[in-house]
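Subject: A structure for you to look at

Hi there,

Here is the structure I promised to pass on to you. Have a look at it first, and then read on for what turned up.

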Amino acid sequence: MKSRTLFGKPLKDILLAVGPSTVMIVIAFAVAYKYVDPAPPNHFVITTGSDEGDYQTFAKLYKDILKDDHVTLEIRPSSGALENLERLKDPKSGVDVGFVQDGLGSADAAPELASLGSLYYEPIWVFYRGHTEVNRFSQLLGKKVAVGKTGGGTRALALQLLKASGVDETNTQIISLAWTEAAEALRSRKVDAVIFLATPDEPLIKELVADSAIRLMNVDQAEAITRKIPFLHHLVLPHGAIDLKRNLPAQDVHMVSPTATLLVRDTLHPALAYLLLKAASQVHDDPGIFEKRDEFPIGKDYVFPLSDEAQHFYKSGAPFWQRYLPFWLASLADRFILLVIPLLAVCVPIVKLIPRYFAWRIRSRIYQRYGELKFLETQIEADLKSEKQAHYLDQLDHIEERVNRMKVPLDFSEHLYGLREHIDFVRARLQRKTKVVV
């Protein structure tokens with residue numbers, strides 16, 4: 001049966017040389033594809049806060065920016081930072097990202113969460129009524145104090161600050177009210193003080209600062225508080241910062257403030273994390289009353305570790321492809337590189353081995369015939385009788401016939417011709433020795 005050839009080489013040898021390598025490469029592709037991140041989704045969910053809060057405002061700005069990259073950011077309002085944290089900790093909530101003020105939660109209790117950094121200051125505003133100046137939290141002892149809704153970060157932080165000053169629910173009437181309800185209660189004298197957590201741009205804050213019947217607490221222990229509670233910052237609201245014309249406030253006001261942070265679940269696709277960091281940089285890099293230009297966002301969180309993407313972003317900026325390509329194309333390029341580079345490390349050595357394996361296959365067939373010839377020559381030396389001459393000659397003819405049927409590349413022709421010469425040499429030697437014996 002005539003053996004098939006391809007490119008002048010035996011088809012069987014080519015298949016044996018290429019087949020195992022092809023299988024190994026396919027397996028390498030399958031393994032790499034399994035462990036390389038899938039394509040990023042074009043939709044993810046952020047949990048914010050009430051409709052009247054800053055979290056909602058900033059989430060809408062993010063949404064508009066991400067829309068340009070054909071990514072939809074779904075906004076889910078909540079009662080505040082505490083509920084946001086609980087949603088993020090719950091894998092069934094469907095939430096990927098959330099606003100949480102610095103200082104809430106515990107990294108040990110939520111190892112699946114990481115931070116994208118701090119975004120801006122969230123000052124604590126304490127407004128009160130009365131002629132007596134209040135400049136310490138301890139002076140709120142025994143009064144009616146509105147501290148924000150249950151589930152909100154304002155209430156959690158307010159209770160922590162009050163407790164540090166000896167004020168708690170056993171000696172003070174602490175009331176949970178929403179922003180507008182708390183402001184109205186203060187105006188109507190139903191409460192003595194309210195505590196808000198908001199930026200100075202919030203309209204309600206401006207209204208209360210401008211109200212001559214209401215006073216803003218100047219925290220004279222602000223520096224001491226930040227030493228006791230490290231995630232808080234000592235800020236100074238300059239006089240006139242709210243309204244230069246009316247010089248509101250009328251004097252510098254010392255305040256304490258956490259920062260707003262973005263927390264993400266570890267299931268959020270890295271490409272979306274980078275995209276969100278880019279959006280946050282556009283929204284929060286402008287200067288404000290408390291923030292310097294380019295001060296935020298910043299890679300700092302006192303509770304949760306920074307995600308790998310955030311660490312890279314604050315050190316080197318956005319990934320190379322995202323700087324110059326549309327989001328979908330940049331994601332494709334990143335995946336291609338992550339897939340191809342490891343595969344090249346595997347495939348290049350395999351491909352280099354194919355010619356060597358093919359050459360070894362050809363040589364092994366030639367060496368096999370040499371082995372048969374050597375074995376026959378040994379038999380001739382050990383038992384040279386005239387009656388066995390015909391048998392030995394038949395064996396030589398059989399070996400020669402198998403050699404003549406071999407199909408080898410031109411590169412190996414000299415090995416084939418050399419083998420034929422050695423067969424003729426053994427045949428001639430057998431014939432000479434047989435004559436001598438006879």
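P297 sits in the loop between α8 and α9, where helices (H or I, at least four residues) and strands (E, at least two) are DSSP runs numbered from the N terminus. A cis peptide bond joins F296 to P297, with omega at about -5 degrees. A word on the source: this is a predicted model, in which local features need pLDDT of at least 70 and side-chain atom pairs count only at pLDDT 80 or more, while totals for chains, interfaces and linings use all residues. Residues are numbered from 1 along each chain as its sequence is written, and side-chain values use heavy atoms, with hydrogens and water left out.

There is another cis bond to find, between L248 and P249, again with omega of about -5 degrees. P249 belongs to the loop between β12 (233–237) and β13 (253–257). Another backbone detail is at H70, a residue other than glycine with a positive phi, near 60 degrees. Look for H70 in the loop between α2 and β4 (72–76). As background, most residues other than glycine have a negative phi, and most peptide bonds are trans.

Now back to the two helices on either side of P297. How do α8 and α9 pack? Helix α8 and helix α9 (residues 308–316) have axes 9 Å apart, at an angle of about 45 degrees; axes are lines fitted to C-alpha atoms, for helices over the stretch in contact, and angles run from 0 to 180 degrees between N-to-C directions. That makes α8 oblique to α9 (under 35 degrees counts as roughly parallel, over 145 as roughly antiparallel, 65 to 115 as roughly perpendicular and the rest as oblique). From α8, the residues P270, A273, Y274, L277, K278 and S281 meet E309, A310, H312, F313 and Y314 of α9, where contact means heavy atoms within 4.5 Å. This contact has 7 nonpolar, 2 polar and 2 charged residues (Ala, Val, Leu, Ile, Met, Phe, Trp, Tyr, Cys and Pro count as nonpolar, Asp, Glu, Lys and Arg as charged, and the others, Gly among them, as polar).

Helix α8 (residues 270–284) also packs with α2, their axes coming within 9 Å and crossing at roughly 120 degrees. That makes α2 oblique to α8, and α2 passes α8 in a right-handed crossing. On the α2 side are F58, L61, Y62, I65 and L66, which meet α8 residues including L275, L276 and A279. Here the classes are 10 nonpolar, 2 polar and no charged residues.

W179, T180, A183 and R187 in α5 meet L204, E207 and L208 in α6.

How many cavities are there of 30 Å³ or more? A search of the whole structure finds 2. On a 1 Å grid over the protein atoms alone, a cavity is a set of points where a 1.4 Å probe fits but cannot get out, and lining residues have an atom within 4 Å of a point. Points are joined across faces, edges and corners, and a volume is the space filled by probe spheres set on them.

The largest cavity has a volume of about 270 Å³. Of its 21 lining residues, S50, S79, G80, T154 and W179 are the closest to the centre. The elements that give two or more residues to this lining are α2 (54–67) and α4 (153–164). By class, the lining has 7 nonpolar, 11 polar and 3 charged residues.

The second largest cavity holds about 30 Å³ of space, and E377, I380, E381, V426 and R429 line it. Helices α11 (327–382) and α13 (413–437) each supply at least two residues of that lining, and α11 gives the most, with 3. The lining of this second largest cavity divides into 2 nonpolar, no polar and 3 charged residues.

Enjoy exploring!

Key. 1 Å grid on protein atoms, 1.4 Å probe; cavity = no way out; pocket = protein on both sides within 12 Å on 5 of 7 lines; lining within 4 Å. Left-handed = near helix turned anticlockwise from the far one by under 90°.
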